[in-house]
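The sequence and the coordinates come first, and the description follows.

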Amino acid sequence: MNKTHLLSATLLSALAYLPTAQAGENLLGYTKGAEPLPKGALELYQIFTQRSDKGQGTYDAIDSTTELEYGFSNRFSGSAAIIGHSVETKGLIIGGYLPQEKSLGLTLSGIEAQLKYSFLTPALNDIGLSASFGIDYDTIDQHSGQDKDTLSANLGLQLQKYFMDGQLVWLGNADLETTHATRDPIEGIDDEEEWPTKPEMEVGIGISTGLSYRFAPNWSIGAEAIYETEYETEVGQERWSLFAGPSLHYGNKHFWSTLTVLGQLSGGGETYENQSDTNLHLIEKTKQEVKFKLGYNF
Amino acid sequence: MKSIFPLFMLPVAAITCPAYGIQYLSVEQAQMALYPSASQFTENFLELNESQRDAIESISDIRQRWKTQKAWKAYENGAFKGWFIIDKVIGKHEFITYALALSPSGEVISIEIMDYRETYGGEVNEADWRKNFIGANKQSPLELEEDIPNISGATLSCRNVTNGVKRLLALYEVMLKP
């Protein structure tokens, strides 16, 4: 059985036997809510994230997540997802990150699973609180499109508060993620500076907050800000970034969708050679991210 | 690995089911459901000024969102049987429309859900849940998970309908009490 078949079989098994998942209807693109999915509920999500512009050359990447979430109880839900990436990069070489130009079509590359437990319900308690634990396995480096085995575990806390009978919603998240990654060798590149193949460990921390306001039946506008930082074995704090931007959300009885556009306001850590805008982190991040989510309630 | 872009589009294609809502009852149907023996309904829409809305909020601790509250008087053979009031509260996606029957002395006779378009919680329209409001008056706590049970997946809807009834009982005290 080759690698593709093995991964496909694993994914199908995960979807069939591990109906674990994420977070129900998302009012914002990145910051998740604390509302539990009710017992027996089954929802399907399709999420596309476009990452573009590293300030030099051409860089355009799309991440795809196709996810099923199931409510095991009125407080406990789980999800399973298949993930994929496409990467188009030209005119920019970054040692250790973008070793060569690449054109990779949207390709199935990994799986995710997550469990979520809701301690407090926002509509019942003064504030909603939930915790999530997830693992994901990926075989493609989402930055370069090169082969890279990545195993991550993440722990998250979600807060949610209703105002104005639920017309205005505040959301806040804190996430901690640890990652073990090993890059596959690239033919013709033997320099460890250009493409290190030794295993590495990373720890990432993310904090986000946002507001969503329903301005008409079914329609909400929102805004959120996301701070992320990452620490790595070799260099300590490798990067940090602050993104912010608006969201537009539509939801009805059967499906919902959310469109979010984020710009990087500030960033730091490593920079690539001759990077013109040194106030941004543009090695692992881009200047702009656009996220589009669709959710279907069975 | 082989590009499988078309596979990723399958879920998008699946999410094309057109949305529709359920209108359970028209105004006339709700009137007949709450006052089956009534022979006449007299329109008596209530225009609320700021101080009246403040008074309602002061009594119920719930904001009176509407400046006009649609109300009718129900009569049976010329005898005043009670108030029929239509109200809207916020659901997760859309407004939930319901009708409340209040006795002349300000007690809940019954409640009917007229329009509910949310993903979960269709149980709010079931008699088992609605009967919890019967007999409620200004002394009743009307608190979710105390005297009114919650419906999982529709907590916001349950809370706002419960608060809506509490607010209409306060409206009775401010505007309708003889």
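## Cores, barrel and loops

Leaving aside neighbours within four places in sequence, Leu100(B) is in contact with Ile85(B), Asp87(B), Val108(B), Ile111(B), Val165(B) and Leu168(B); two residues are in contact if their C-beta atoms, placed from the backbone, lie within 7 Å. The model is predicted: local features need pLDDT of at least 70 and side-chain atom pairs count only at pLDDT 80 or more, while totals for chains, interfaces and linings use all residues. Residues are numbered from 1 along each chain as its sequence is written, and chains are lettered from A and ligands numbered from 1 in the order in which they are written.

A second, separate core of 13 residues includes Leu27(A), Leu28(A), Tyr30(A) and Val169(A). A nonpolar core here is a set of buried Ala, Val, Leu, Ile, Met, Phe, Trp, Tyr and Cys residues joined through C-beta atoms within 7 Å. A residue is buried if 20 or more other C-beta atoms lie within 10 Å of its own, exposed if 12 or fewer, and partly exposed in between, with C-beta atoms placed from the backbone.

The largest nonpolar core has 43 residues, and those that touch the most other members are Phe84(B), Ile85(B), Tyr98(B), Ala99(B), Leu100(B) and Val165(B). Two or more residues of this core come from each of helix 2 (27-34), strand 4 (68-76), strand 5 (79-90), strand 6 (95-102), strand 7 (108-116) and helix 5 of chain B. With nine residues, helix 5 of chain B gives the most to this core. Helices (H or I, at least four residues) and strands (E, at least two) are DSSP runs, numbered from the N terminus.

In helix 5 of chain B, 19 of the 22 residues are buried, so the helix is largely enclosed by the rest of the structure. Helix 5 covers residues 155-176 of chain B, and at 1.5 Å a residue its 22 residues should span 32 Å; the end C-alpha atoms are 30 Å apart, which agrees. The expected span is 1.5 Å times one less than the number of residues.

Chain A has one helix and 12 strands. Along the sequence, its pattern is α-β-β-β-β-β-β-β-β-β-β-β-β. The radius of gyration of chain A is 19 Å, close to the 19 Å that the globule rule gives for 298 residues, so chain A is as compact as a globular protein of that length. The radius is taken over C-alpha atoms, and the rule is 2.2 Å times the number of residues to the power 0.38. The C-alpha trace of chain A spans about 60 × 45 × 30 Å along its principal axes. Of the 298 residues of chain A, 44% count as buried. Among contacts in chain A between residues at least 6 apart in sequence, 63% join residues at least 24 apart.

In chain A, 12 strands form a closed barrel with antiparallel pairing, in the order 1-2-3-4-5-6-7-8-9-10-11-12. Neighbouring strands of this sheet are turned by 20° against each other on average, direction ignored; axes are lines fitted to C-alpha atoms, for helices over the stretch in contact, and angles run from 0 to 180 degrees between N-to-C directions. Two strands pair if DSSP finds at least two bridges between them. Strands of a sheet pair through backbone hydrogen bonds, either parallel or antiparallel.

| Strands of chain A | Bridges |
|---|---|
| Strand 1 (residues 42-52) and strand 2 (residues 58-71) | 11 bridges |
| Strand 1 and strand 12 (residues 288-297) | 10 bridges |
| Strand 5 (residues 128-140) and strand 6 (residues 147-163) | 12 bridges |
| Strand 10 (residues 236-251) and strand 11 | 11 bridges |
| Strand 11 and strand 12 | Nine bridges |

Tyr45(A) has Glu67(A) in strand 2 as its partner, and Arg51(A) has Glu289(A) in strand 12. The partner of Ile135(A) is Ala153(A) in strand 6. Leu248(A) stands opposite Leu259(A) in strand 11, and Thr258(A) is bridged to Lys293(A) in strand 12.

Strand 10 of chain A is joined to strand 11 by a hairpin through three residues. The hairpin of strands 1 and 2 of chain A has five residues between the strands, and Asp53(A) takes a positive phi near 80° there. Asp53(A) is partly exposed, with 17 other C-beta atoms within 10 Å. Asn274(A) lies in the loop between strand 11 (255-269) and strand 12 of chain A. The phi of Asn274(A) is near 65°, a positive value in a residue other than glycine. Asn274(A) is exposed, with 8 other C-beta atoms within 10 Å.
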